[in-house]
Amino acid sequence: AGVRSELRAAEVTVTSAFPGFVDTDMNAGIDVPKAQPRAVADHCLDAWQDGRSATFPDRLAELVEHAVLHEMAAVLDDPQRVMTRLVAQLREHPAAG
């Protein structure tokens, strides 16, 4: 049993966040569009307040979520190829839509 199920009886909400590249020192050397830390934090807090169990708080994370939900076979078969394509999409369209 995970933390979420252990804390459910105490009515504690656990929200898992799955961000993409966030503009922090850790990602400084990576040349891809990055989400702003404040925007990611705000998105995560909104998800927690809404009682969601998971959130994909930025554009790359949204692309990954979509790939996992709709292209799982490709993700499992060749994850590097899928991520390369998703990063290319991110570069082309850094904002959703």
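Select Thr55 and His43: their side chains are joined by a polar contact of 3.1 Å (a pair of N or O atoms within 3.5 Å; within protein, one must be able to donate a hydrogen and the other to accept it, and residues adjacent in sequence count only if both atoms are side-chain atoms). The model is predicted, so local features need pLDDT of at least 70 and side-chain atom pairs count only at pLDDT 80 or more, while totals for chains, interfaces and linings use all residues. Residues are numbered from 1 along each chain as its sequence is written, and side-chain values use heavy atoms, leaving out hydrogens and water.

Stay on Thr55. This residue lies in strand β2 (residues 54-55); strands (E, at least two residues) and helices (H or I, at least four) are DSSP runs, numbered from the N terminus. Thr55 is buried, at 2% relative accessible area (buried is under 20%, exposed over 50%, partly exposed in between, with a 1.4 Å probe and protein chains only). Show its contacts (heavy atoms within 4.5 Å): leaving aside residues up to four places away in sequence, Thr55 touches Thr15, Ser16, Ala17, Phe18, His43, Cys44 and Ala47.

Next, select Asp58 and Leu60. At the start of α3, a side-chain oxygen of Asp58 comes to within 3.1 Å of the backbone nitrogen of Leu60.

Then select α3 itself, residues 59-70. Colour its buried residues, Leu60, Ala61, Leu63 and Ala67. They are on the same side of α3 because they cover an arc of only 160° around the axis, taken from the directions from the helix axis to the C-beta atoms. Finally, turn to the face away from the buried side, where the exposed residues Leu69 and His70 are found.

Conventions. The expected span of a helix is 1.5 Å times one less than its number of residues.
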